[in-house]
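Trainee: I have a model open and would like to go through it with you, one residue at a time. Please pick a place to start.

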Amino acid sequence: MYKIQANASGTRSIEVTDAHLETIGRYALLKNLIDSNGIIDEAVLDKLKLNCRAILESLPEVDRDLMDLCLDVIYHKNMKALGLTNLVQLYVTWEEKKAANEEV
């Protein structure tokens, strides 16, 4: 279980599990999400939400893991641009650790 900071003052956080991170990787939700300027703002968060909604609507049956990710993290009431920035950083770190463990 990981916690990401959701606001600048640090009073809000969102819990993220390994299952959430695996789901992000399985659906490549962060791939090509951020524009070439590298800035994560509310428009990028809205784009992620719309991508998730489109995936959910296109699946023949409900994927519980994706639904849990949406409810617990992406559509969380405290999720803002800073939270998404921290989620992206957590995912990159998590992927690096996962790759390092597979090499050993």
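Mentor: Let us start with Asp-65, which counts as partly exposed because its relative accessible area is 34% (buried means under 20%, exposed over 50%, and partly exposed in between, with a 1.4 Å probe and protein chains only). Before we go on, please keep in mind that this is a predicted model, in which local features need pLDDT of at least 70 and side-chain atom pairs count only at pLDDT 80 or more, while totals for chains, interfaces and linings use all residues. Residues are numbered from 1 along each chain as its sequence is written, and side-chain values use heavy atoms, with hydrogens and water left out.

Trainee: Okay, and what does Asp-65 form a salt bridge with?

Mentor: The partner of Asp-65 is Arg-26, and the closest N and O atoms of this salt bridge are 3.2 Å apart (a side-chain nitrogen of Lys or Arg has to be within 4 Å of a carboxyl oxygen of Asp or Glu). The pair links distant parts of the chain, since Asp-65 sits in helix H3 and Arg-26 in helix H1, 39 residues apart. Helices here are DSSP runs of H or I with at least four residues, strands are runs of E with at least two, and both are numbered from the N terminus.

Trainee: Are Asp-63 and Arg-26 buried, exposed or partly exposed?

Mentor: Asp-63 counts as buried, because its relative accessibility is 14%, whereas Arg-26 is partly exposed, with a relative accessible area of 46%.

Trainee: How many salt bridges does a search of the whole structure find?

Mentor: That search finds three, and one of them joins the side chains of Asp-68 and Arg-64, at 3.3 Å from N to O. Asp-68 and Arg-64 are separated by about one helical turn, because they are four residues apart in helix H3. As for cover, Asp-68 is partly exposed, with a relative accessible area of 27%.

Trainee: Switching topic, what patch do Asp-35, Asp-41, Glu-42 and Asp-46 gather in?

Mentor: Those four form a patch of negative charge on the surface, where Asp and Glu count as negative, Lys and Arg as positive, and His and the chain ends are not counted. For a patch, residues need over 30% relative accessible area and no salt bridge, like charges are joined within 9 Å, and nonpolar side chains (Val, Leu, Ile, Met, Phe, Trp, Tyr) within 5 Å. Asp-35 itself is placed in the loop between helix H1 (18-26) and helix H2 (42-58), and it counts as partly exposed because its relative accessibility is 47%.

Trainee: Now the strands: how many bridges join S1 to S2, and do they run parallel or antiparallel?

Mentor: Strand S1 (residues 2-5) and S2 run antiparallel and are joined by four bridges (two strands pair if DSSP finds at least two bridges between them). Within this pair, Tyr-2 stands opposite Val-16 in S2. Strand S2 (residues 13-16) has a covered face, made up of Ile-14 and Val-16, and an uncovered one, made up of Ser-13 and Glu-15.

Trainee: Last one: where are Leu-87 and Thr-85?

Mentor: Leu-87 lies in helix H4 (residues 81-103), and Thr-85 is found in helix H4 too. Leu-87 is buried, with a relative accessible area of 1%, while Thr-85 counts as partly exposed at 23% relative accessibility. From C-alpha to C-alpha, Thr-85 and Ile-40 are 6.3 Å apart in space, although they are 45 residues apart in sequence, whereas Leu-87 and Tyr-75 are 12 residues apart in sequence and 13 Å apart in space.

Note on methods. Accessible areas come from the Shrake-Rupley method with a 1.4 Å probe; for residues, only the protein chains shown count as cover. The place of a charge is taken as NZ of Lys, CZ of Arg, CG of Asp or CD of Glu.
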